[in-house]
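Dear colleague,

I am handing over the structure below, and after it you will find what turned up when I went through it. Please keep it open beside this message while you read.

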Amino acid sequence: MTNRNSNSINIPEAREAMDKFKMEAASEVGVDLRQGYNGHLTSREAGSVGGQMVKKMIEAYERSMK
């Protein structure tokens with residue numbers, strides 16, 4: 001049985017775009033996100049970045065449905 005990382009990118013070419021998206025989301029919620037390891041972040045800060053990303057993805061999907 002292989003250990004799959006649930007944070008893996010399905011399309012390797014998308015990594016750079018996802019990193020940029022993550023940095024933009026962090027900036028919008030005021031989180032000091034850096035390139036590489038971010039062990040200094042609290043769970044709340046990390047969660048707010050992920051939540052902002054999901055919010056923006058849902059908004060983009062809803063706009064595409066119009």
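Let us begin with Lys20, which counts as exposed at 55% relative accessibility, where exposed means over 50% relative accessible area, buried under 20% and partly exposed in between, with a 1.4 Å probe and protein chains only. Before going further, please note that this is a predicted model, in which local features need pLDDT of at least 70 and side-chain atom pairs count only at pLDDT 80 or more, while totals for chains, interfaces and linings use all residues. Residues are numbered from 1 along each chain as its sequence is written, and side-chain values use heavy atoms, with hydrogens and water left out.

The side chain of Lys20 meets that of Glu24 in a salt bridge, at 4.0 Å from N to O; the term stands for a side-chain nitrogen of Lys or Arg within 4 Å of a carboxyl oxygen of Asp or Glu. Glu24 and Lys20 are four residues apart in helix H1, and are therefore separated by about one helical turn. Helices here are DSSP runs of H or I with at least four residues, numbered from the N terminus.

Helix H1 covers residues 15–29, and its 15 residues should span 21 Å at 1.5 Å a residue, which agrees with the 21 Å between its end C-alpha atoms; the expected span is 1.5 Å times one less than the number of residues. In H1, Phe21, Ala25 and Ala26 are buried. Seen down the axis of H1, the buried residues fall within an arc of 135 degrees, so they line one face of the helix, the arc being that of the directions from the helix axis to the C-beta atoms. On the other side of H1, Glu16, Lys20 and Ser27 are exposed.

What covers the buried residues of H1? The cover includes helix H2, residues 43–64. Gln52 is found in H2 and is buried, with a relative accessible area of 16%. Leaving aside its neighbours within four places in sequence, Gln52 is in contact (heavy atoms within 4.5 Å) with Ala25, Glu28 and Val29.

A second salt bridge joins the side chains of Lys56 and Glu28, at 2.8 Å from N to O. Lys56 lies in H2 and Glu28 in H1, so the pair ties together parts that are 28 residues apart in sequence. Lys56 is partly exposed at 22% relative accessibility, and Glu28 is also partly exposed, at 45%.

How values were computed: Helices (H or I, at least four residues) and strands (E, at least two) are DSSP runs, numbered from the N terminus.
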